[in-house]
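This report goes through the helices, the core and the surface of the chain shown below.

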Amino acid sequence: MRNYSNIFKNLALLTHIGILMIIPIFGAVYLGNLVDQKLGTNNIFLIAFIILGVGSGFLNVYKVVMKDIKKKK
């Protein structure tokens with residue numbers, strides 16, 4: 001029974017990490033595309049926002065993983 005508990009905890013952590021990566025990237029794509037359409041620029045803001053979204057996603061994942069590592073010590 002204990003093995004199933006660990007499997008579900010790890011699966012929940014992986015799902016959490018995936019959501020933490022996907023949401024900032026999709027939000028950045030949406031906002032960058034919206035700003036480019038409003039200002040009439042050629043994907044400049046889209047690229048800038050994607051870079052910010054990916055960076056934000058990695059920062060979120062780093063924080064969650066470090067918190068999980070400290071919890072297991």
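A patch is made of residues with over 30% relative accessible area and no salt bridge, and nonpolar side chains are joined into one patch within 5 Å. The model to which this is applied here is predicted.

**Surface patch**

Leu59, Tyr62, Val65, Met66 and Ile69 form such a nonpolar patch on the surface. Together these residues have about 430 Å² of accessible area. One of them, Met66, lies in helix α2, which covers residues 44-72. Met66 has a relative accessible area of 32%.

**Annotated spans**

The UniProt record, an unreviewed entry, places the feature "transmembrane region" at residues 12-32 and at residues 44-65. In the model, residues 12-32 are 100% helix and 0% strand, with the end C-alpha atoms 30 Å apart. Residues 44-65 are likewise 100% helix and 0% strand, and here the distance between the end C-alpha atoms is 32 Å.

**Core**

Which residues make up the largest nonpolar core? The set has 5 residues in all: Ile17, Leu20, Met21, Val61 and Val64. Helix α1 (2-39) and helix α2 each supply at least two of the residues in this core. The most comes from α1, with 3 residues.

Leu20 belongs to this core. Leaving aside residues up to four places away in sequence, Leu20 touches Gly57, Asn60, Val61 and Val64. Val61 and Val64 in that list are also core members.

**Other positions**

Ser56 is another residue of helix α2. Between Ser56 and Ile25 there are 8.3 Å in space, C-alpha to C-alpha, although the two are 31 residues apart in sequence.

The loop between α1 and α2 contains Asn43. Most residues other than glycine have a negative phi.

| Residue | Relative accessible area | Class |
|---|---|---|
| Ser56 | 31% | partly exposed |
| Asn43 | 41% | partly exposed |

Ser56 is placed in this class because its relative accessible area is 31%, and Asn43 because its value is 41%.

How values were computed: Residues numbered from 1 in each chain as written. Predicted model: local features only at pLDDT ≥ 70, side-chain atom pairs only at ≥ 80, totals over all residues. Heavy atoms only, no water. Patch = residues over 30% accessible without salt bridge, like charges linked within 9 Å, V, L, I, M, F, W, Y side chains within 5 Å. Areas by Shrake-Rupley, 256 points an atom, 1.4 Å probe, with all protein chains shown as cover. Salt bridge = Lys/Arg side-chain N within 4 Å of Asp/Glu carboxyl O. Helix = DSSP H or I, 4+ residues; strand = E, 2+ residues; numbered from the N terminus. Buried < 20%, exposed > 50% of the residue type's maximum accessible area, 1.4 Å probe, protein only. Core = buried A, V, L, I, M, F, W, Y, C linked by side-chain atoms within 4.5 Å. Contact = heavy atoms within 4.5 Å. UniProt positions renumbered as here; feature names shortened; annotations may be inferred.
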